[in-house]
Amino acid sequence: MDSSVENSVERFSLSGLAPLEAVLLDIDGTLCDSDPFHYDVFCEMLQELGYNGGVPITEEFYIENIAGKHNDDVTRTLFPDWVLERSLKFMDDKEAMFRRLASEKLKPVNGLNKLRKWIEDRGLKRAAVSNTPRANAELIISILGLSDFFDVLILGNECPHAKPHPDPYLKALEVLKVSKDHTFIFEDSVSGIKAGVAAGMPVIGLTTGNPEEVLMEAQPTFLIPDYDDAKLWAALEVFDGK
(Lines give C-alpha, C1' and ligand atoms only; values in the text may rest on other atoms or scores of the structure.)
Protein backbone atom coordinates (compact mmCIF):
# COMPACT_ATOMS: atom_id res chain seq x y z
CA MET A 1 0.00 0.00 0.00
CA ASP A 2 1.24 3.50 -0.86
CA SER A 3 2.57 5.21 2.31
CA SER A 4 0.40 8.31 1.79
CA VAL A 5 -2.68 6.13 1.46
CA GLU A 6 -1.69 4.11 4.51
CA ASN A 7 -1.24 7.26 6.59
CA SER A 8 -4.65 8.54 5.49
CA VAL A 9 -6.29 5.26 6.45
CA GLU A 10 -4.68 5.32 9.88
CA ARG A 11 -5.95 8.84 10.43
CA PHE A 12 -9.44 8.32 8.98
CA SER A 13 -10.24 4.72 9.88
CA LEU A 14 -13.78 3.40 9.50
CA SER A 15 -13.01 0.39 11.69
CA GLY A 16 -15.21 1.67 14.51
CA LEU A 17 -18.27 0.96 12.34
CA ALA A 18 -17.64 -2.79 12.19
CA PRO A 19 -19.83 -4.68 11.76
CA LEU A 20 -21.08 -2.49 8.93
CA GLU A 21 -24.85 -2.50 8.36
CA ALA A 22 -25.60 0.13 5.73
CA VAL A 23 -24.29 2.72 3.30
CA LEU A 24 -26.19 5.93 2.52
CA LEU A 25 -25.54 7.89 -0.66
CA ASP A 26 -26.53 11.30 -1.90
CA ILE A 27 -27.53 11.50 -5.60
CA ASP A 28 -26.48 14.70 -7.42
CA GLY A 29 -22.69 14.91 -7.53
CA THR A 30 -22.34 11.65 -5.63
CA LEU A 31 -23.76 9.04 -8.00
CA CYS A 32 -23.14 11.25 -11.04
CA ASP A 33 -21.38 14.52 -11.78
CA SER A 34 -24.61 16.42 -12.43
CA ASP A 35 -23.62 19.81 -11.01
CA PRO A 36 -22.36 21.11 -14.39
CA PHE A 37 -25.84 20.51 -15.82
CA HIS A 38 -27.53 22.31 -12.92
CA TYR A 39 -25.05 25.17 -13.21
CA ASP A 40 -25.58 25.57 -16.95
CA VAL A 41 -29.36 25.61 -16.56
CA PHE A 42 -29.26 28.18 -13.76
CA CYS A 43 -26.88 30.37 -15.81
CA GLU A 44 -29.18 30.31 -18.83
CA MET A 45 -32.43 30.89 -16.98
CA LEU A 46 -31.08 33.60 -14.68
CA GLN A 47 -29.59 35.45 -17.64
CA GLU A 48 -32.97 35.38 -19.36
CA LEU A 49 -34.43 37.03 -16.25
CA GLY A 50 -31.74 39.71 -16.23
CA TYR A 51 -30.53 38.47 -12.86
CA ASN A 52 -27.35 40.21 -11.66
CA GLY A 53 -27.74 42.76 -14.44
CA GLY A 54 -27.57 39.98 -17.02
CA VAL A 55 -24.06 38.98 -15.95
CA PRO A 56 -23.81 35.15 -15.72
CA ILE A 57 -23.43 33.73 -12.23
CA THR A 58 -19.99 32.36 -11.42
CA GLU A 59 -19.16 28.83 -10.33
CA GLU A 60 -18.19 30.28 -6.94
CA PHE A 61 -21.65 31.85 -6.60
CA TYR A 62 -23.25 28.54 -7.57
CA ILE A 63 -21.23 26.57 -5.02
CA GLU A 64 -21.95 29.03 -2.22
CA ASN A 65 -25.63 29.68 -2.83
CA ILE A 66 -27.09 26.77 -4.80
CA ALA A 67 -25.12 23.49 -4.80
CA GLY A 68 -26.61 20.83 -2.54
CA LYS A 69 -29.31 23.10 -1.15
CA HIS A 70 -33.04 22.44 -1.19
CA ASN A 71 -34.97 24.33 -3.86
CA ASP A 72 -36.94 26.31 -1.27
CA ASP A 73 -33.70 27.61 0.23
CA VAL A 74 -32.31 28.40 -3.22
CA THR A 75 -35.29 30.49 -4.27
CA ARG A 76 -35.29 32.37 -0.97
CA THR A 77 -31.68 33.29 -1.62
CA LEU A 78 -32.08 34.17 -5.29
CA PHE A 79 -35.51 35.78 -5.22
CA PRO A 80 -36.32 36.99 -1.68
CA ASP A 81 -39.06 39.30 -2.96
CA TRP A 82 -40.85 36.83 -5.24
CA VAL A 83 -44.25 35.37 -4.39
CA LEU A 84 -44.30 31.62 -3.80
CA GLU A 85 -46.09 30.75 -7.05
CA ARG A 86 -43.48 32.51 -9.17
CA SER A 87 -40.62 30.81 -7.32
CA LEU A 88 -42.22 27.39 -7.72
CA LYS A 89 -42.76 27.96 -11.44
CA PHE A 90 -39.13 29.00 -11.94
CA MET A 91 -37.80 25.91 -10.15
CA ASP A 92 -40.23 23.58 -11.95
CA ASP A 93 -39.03 24.94 -15.29
CA LYS A 94 -35.41 24.69 -14.21
CA GLU A 95 -35.78 21.05 -13.13
CA ALA A 96 -37.54 20.14 -16.38
CA MET A 97 -34.64 21.60 -18.36
CA PHE A 98 -32.17 19.73 -16.15
CA ARG A 99 -33.96 16.44 -16.76
CA ARG A 100 -33.76 16.94 -20.52
CA LEU A 101 -30.00 17.47 -20.28
CA ALA A 102 -29.54 14.57 -17.86
CA SER A 103 -31.44 12.17 -20.11
CA GLU A 104 -28.94 12.86 -22.90
CA LYS A 105 -25.60 13.25 -21.13
CA LEU A 106 -25.58 11.90 -17.57
CA LYS A 107 -22.79 9.48 -16.63
CA PRO A 108 -21.90 7.73 -13.34
CA VAL A 109 -19.02 8.88 -11.18
CA ASN A 110 -15.94 6.80 -11.97
CA GLY A 111 -15.87 3.57 -9.97
CA LEU A 112 -19.57 3.65 -9.02
CA ASN A 113 -20.23 0.15 -10.37
CA LYS A 114 -17.26 -1.17 -8.40
CA LEU A 115 -18.68 0.36 -5.22
CA ARG A 116 -22.12 -1.03 -6.03
CA LYS A 117 -20.73 -4.56 -6.32
CA TRP A 118 -18.82 -4.15 -3.04
CA ILE A 119 -22.01 -3.12 -1.25
CA GLU A 120 -24.12 -5.86 -2.84
CA ASP A 121 -21.54 -8.60 -2.20
CA ARG A 122 -21.68 -7.79 1.53
CA GLY A 123 -25.46 -7.65 1.70
CA LEU A 124 -25.46 -4.13 3.10
CA LYS A 125 -28.62 -2.07 3.28
CA ARG A 126 -28.56 1.11 1.22
CA ALA A 127 -30.53 4.30 0.77
CA ALA A 128 -30.37 7.24 -1.61
CA VAL A 129 -30.77 10.45 0.41
CA SER A 130 -31.14 13.70 -1.50
CA ASN A 131 -32.48 17.25 -1.56
CA THR A 132 -33.33 16.89 -5.24
CA PRO A 133 -36.99 16.69 -6.36
CA ARG A 134 -38.41 13.17 -6.68
CA ALA A 135 -38.70 13.36 -10.48
CA ASN A 136 -34.99 14.18 -10.74
CA ALA A 137 -33.97 11.53 -8.22
CA GLU A 138 -35.93 8.76 -9.89
CA LEU A 139 -34.68 9.74 -13.35
CA ILE A 140 -31.02 9.78 -12.29
CA ILE A 141 -31.31 6.47 -10.46
CA SER A 142 -32.99 4.93 -13.52
CA ILE A 143 -30.40 6.30 -15.99
CA LEU A 144 -27.60 4.89 -13.85
CA GLY A 145 -29.27 1.47 -13.65
CA LEU A 146 -29.73 1.68 -9.87
CA SER A 147 -33.51 1.34 -9.62
CA ASP A 148 -33.17 -2.14 -8.08
CA PHE A 149 -30.12 -1.27 -6.02
CA PHE A 150 -31.52 1.10 -3.39
CA ASP A 151 -33.79 -0.19 -0.64
CA VAL A 152 -35.33 3.24 -0.16
CA LEU A 153 -35.25 6.80 -1.52
CA ILE A 154 -35.36 9.57 1.10
CA LEU A 155 -35.95 13.14 -0.06
CA GLY A 156 -35.44 16.39 1.82
CA ASN A 157 -38.81 17.85 0.92
CA GLU A 158 -40.51 14.77 2.36
CA CYS A 159 -38.85 15.27 5.76
CA PRO A 160 -39.53 17.91 8.45
CA HIS A 161 -36.32 19.65 7.36
CA ALA A 162 -34.05 19.12 4.34
CA LYS A 163 -30.25 19.06 4.39
CA PRO A 164 -28.17 20.62 5.99
CA HIS A 165 -30.47 19.44 8.79
CA PRO A 166 -29.88 15.80 9.74
CA ASP A 167 -33.53 14.77 9.27
CA PRO A 168 -33.17 13.00 5.88
CA TYR A 169 -30.30 10.84 7.12
CA LEU A 170 -32.02 10.10 10.41
CA LYS A 171 -35.13 9.04 8.48
CA ALA A 172 -33.02 6.73 6.33
CA LEU A 173 -31.67 5.02 9.44
CA GLU A 174 -35.19 4.63 10.78
CA VAL A 175 -36.61 3.17 7.57
CA LEU A 176 -33.68 0.78 7.07
CA LYS A 177 -33.75 -0.16 10.77
CA VAL A 178 -29.99 0.28 11.14
CA SER A 179 -27.77 2.05 13.66
CA LYS A 180 -25.82 5.24 12.98
CA ASP A 181 -22.93 3.49 14.74
CA HIS A 182 -22.71 0.96 11.88
CA THR A 183 -23.45 3.17 8.87
CA PHE A 184 -21.51 5.68 6.78
CA ILE A 185 -22.36 8.19 4.07
CA PHE A 186 -21.12 9.39 0.68
CA GLU A 187 -21.76 13.08 -0.06
CA ASP A 188 -20.46 15.81 -2.35
CA SER A 189 -21.79 19.12 -0.96
CA VAL A 190 -21.26 21.21 2.16
CA SER A 191 -24.98 20.98 2.89
CA GLY A 192 -24.98 17.19 2.61
CA ILE A 193 -21.80 16.65 4.61
CA LYS A 194 -23.14 18.87 7.39
CA ALA A 195 -26.37 16.84 7.43
CA GLY A 196 -24.52 13.54 7.72
CA VAL A 197 -22.17 14.78 10.42
CA ALA A 198 -25.11 16.22 12.36
CA ALA A 199 -26.80 12.82 12.12
CA GLY A 200 -23.77 11.31 13.85
CA MET A 201 -22.20 9.34 10.99
CA PRO A 202 -18.85 9.40 9.18
CA VAL A 203 -19.13 11.10 5.79
CA ILE A 204 -16.83 10.42 2.86
CA GLY A 205 -16.88 13.48 0.63
CA LEU A 206 -16.51 13.53 -3.14
CA THR A 207 -14.83 16.46 -4.86
CA THR A 208 -16.88 16.10 -8.05
CA GLY A 209 -18.24 19.64 -7.94
CA ASN A 210 -16.89 21.53 -4.95
CA PRO A 211 -13.37 22.60 -3.92
CA GLU A 212 -11.62 20.53 -1.28
CA GLU A 213 -11.10 23.50 1.05
CA VAL A 214 -14.83 24.29 0.97
CA LEU A 215 -15.86 20.70 1.68
CA MET A 216 -13.33 20.30 4.50
CA GLU A 217 -15.05 23.09 6.42
CA ALA A 218 -18.04 20.74 6.80
CA GLN A 219 -15.77 18.13 8.46
CA PRO A 220 -16.00 15.01 6.30
CA THR A 221 -14.05 11.97 7.44
CA PHE A 222 -11.96 12.21 4.27
CA LEU A 223 -12.30 13.29 0.64
CA ILE A 224 -11.99 11.36 -2.61
CA PRO A 225 -12.24 12.44 -6.26
CA ASP A 226 -14.24 9.32 -7.24
CA TYR A 227 -14.81 5.68 -6.28
CA ASP A 228 -11.62 4.48 -7.95
CA ASP A 229 -9.53 6.30 -5.34
CA ALA A 230 -7.05 4.01 -3.57
CA LYS A 231 -7.63 5.73 -0.23
CA LEU A 232 -11.28 4.66 -0.25
CA TRP A 233 -10.53 1.01 -0.95
CA ALA A 234 -7.77 0.90 1.64
CA ALA A 235 -10.23 2.28 4.20
CA LEU A 236 -12.90 -0.27 3.24
CA GLU A 237 -10.51 -3.19 3.76
CA VAL A 238 -11.22 -3.07 7.51
CA PHE A 239 -14.67 -4.57 6.86
CA ASP A 240 -13.13 -7.64 5.27
CA GLY A 241 -10.73 -8.31 8.13
CA LYS A 242 -7.69 -7.37 6.03
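**A serine at the end of a strand**

Tutor: Ser130 is buried, with a relative accessible area of 2%; buried means under 20% relative accessible area, exposed over 50% and partly exposed in between, with a 1.4 Å probe and protein chains only. This is a predicted model, in which local features need pLDDT of at least 70 and side-chain atom pairs count only at pLDDT 80 or more, while totals for chains, interfaces and linings use all residues. Residues are numbered from 1 along each chain as its sequence is written, and side-chain values use heavy atoms, with hydrogens and water left out.

Ser130 belongs to strand β2, which covers residues 125-130. Helices (H or I, at least four residues) and strands (E, at least two) are DSSP runs, numbered from the N terminus. Leaving aside residues up to four places away in sequence, Ser130 touches Asp26, Ile27, Ile154, Leu155, Gly156 and Lys163, where a contact means heavy atoms within 4.5 Å.

Now the chain around this residue. Of its 242 residues, 52% count as buried. Among contacts with a separation of 6 or more, 69% are between residues 24 or more positions apart. The protein chain has 11 helices and 6 strands. Its radius of gyration is 18 Å, close to the 18 Å that the globule rule gives for 242 residues, so the chain is as compact as a globular protein of that length. That radius is taken over C-alpha atoms, and the rule is 2.2 Å times the number of residues to the power 0.38. The C-alpha atoms fill a box of roughly 55 × 35 × 35 Å along the principal axes.

The cysteines can be treated briefly. A search of the whole structure finds 0 disulfides, a disulfide being a pair of cysteine sulfur atoms within 2.5 Å. The sulfur of Cys43 is 18 Å from the closest cysteine sulfur, in Cys32, which is too far for a bond. Cys159 is in no disulfide either, and the nearest cysteine sulfur, that of Cys32, is 20 Å away. Cys43 is buried, with a relative accessible area of 10%, and Cys159 is buried at 12%.

Pro211 lies between β5 (203-206) and α10 (212-216), and Pro211 is partly exposed, with a relative accessible area of 28%.
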